[in-house]
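Good morning, colleagues. Please keep the sequence and the model in view as I speak.

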Amino acid sequence: MRGFFSAILEGYKEQRVRSGPSRPFFEWTSRPVSAPGATEQVTETSEAPVEPDIDAGRDFAREAELEGELRQCAQELAELAEYAEQMRDRIAELESLPPESETFAAVLRLRGVEKWLRAKFHPDKHPDADEEARQAYTEATQHINAAYSALKRQDRQPTDDD
């Protein structure tokens with residue numbers, strides 16, 4: 001049995017030497033191969049090698065479907081690029097506005113706003129409120145106090161213009 005496989009391996013090696021590595025696979029596989037020691041000679045065929053059919057097995061319907069999906073993706077990408085440009089413009093617009101904290105600070109500094117907020121949200125102004133509502137009023141009052149404390153600290157800090 002060992003001799004059989006050795007003969008096949010030797011035949012393969014001889015075939016590779018004769019055909020050379022640069023010849024296409026279909027050329028050297030289409031010729032008859034003889035085992036070493038056989039009386040039969042390997043002859044070159046005068047036929048031109050058969051070119052493989054590159055369209056064999058192509059799914060034209062699937063290709064058309066994929067090309068349609070590709071066009072749709074390209075269209076969506078163009079829409080996203082346009083939307084991104086609109087968002088960049090909006091960001092530039094918002095960045096040109098005064099800082100949000102300055103806007104809120106200006107509103108809190110308006111005359112009567114502090115008194116109105118404390119009267120509106122102080123828990124003592126709502127004696128009939130249930131426990132959950134009283135807790136919400138207490139938290140709102142704490143936030144109002146913290147906001148006005150921050151404003152007073154900010155007003156006391158020296159600015160860069162001084």
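Let me begin with a term: a nonpolar core is a set of buried Ala, Val, Leu, Ile, Met, Phe, Trp, Tyr and Cys residues joined through side-chain atoms within 4.5 Å. Please bear in mind that the model before you is predicted.

The largest nonpolar core has 7 residues, namely Ala105, Leu108, Val113, Leu117, Ile144, Tyr148 and Leu151. Two or more of these residues come from each of α4 (100–108), α5 (113–121) and α6 (131–156). The greatest contribution is that of α6, which supplies 3 residues. Within this region, Val113 is in contact with Val107, Leu108 and Tyr148, leaving aside residues up to four places away in sequence.

I turn now to the packing of α5 and α6. Their axes lie 9 Å apart, at an angle of about 160°. Angles over 145 degrees count as roughly antiparallel, and α5 is therefore roughly antiparallel to α6. The crossing of these two helices, α5 and α6, is left-handed. On the α5 side, the residues in contact are Val113, Glu114, Leu117, Arg118, Lys120 and Phe121; they meet Tyr137, Ala140, Thr141, Ile144, Asn145 and Tyr148 of α6.

Finally, the chain as a whole. It contains 6 helices and 0 strands. Of its 162 residues, 10% count as buried. As for contacts between residues at least 6 apart in sequence, 38% join residues at least 24 apart.

Methods
Residues numbered from 1 in each chain as written. Predicted model: local features only at pLDDT ≥ 70, side-chain atom pairs only at ≥ 80, totals over all residues. Heavy atoms only, no water. Helix = DSSP H or I, 4+ residues; strand = E, 2+ residues; numbered from the N terminus. Buried < 20%, exposed > 50% of the residue type's maximum accessible area, 1.4 Å probe, protein only. Contact = heavy atoms within 4.5 Å. Axes fitted to C-alpha atoms, helices over the stretch in contact; angles between N-to-C directions. Parallel < 35°, antiparallel > 145°, perpendicular 65-115°, else oblique. Left-handed = near helix turned anticlockwise from the far one by under 90°.
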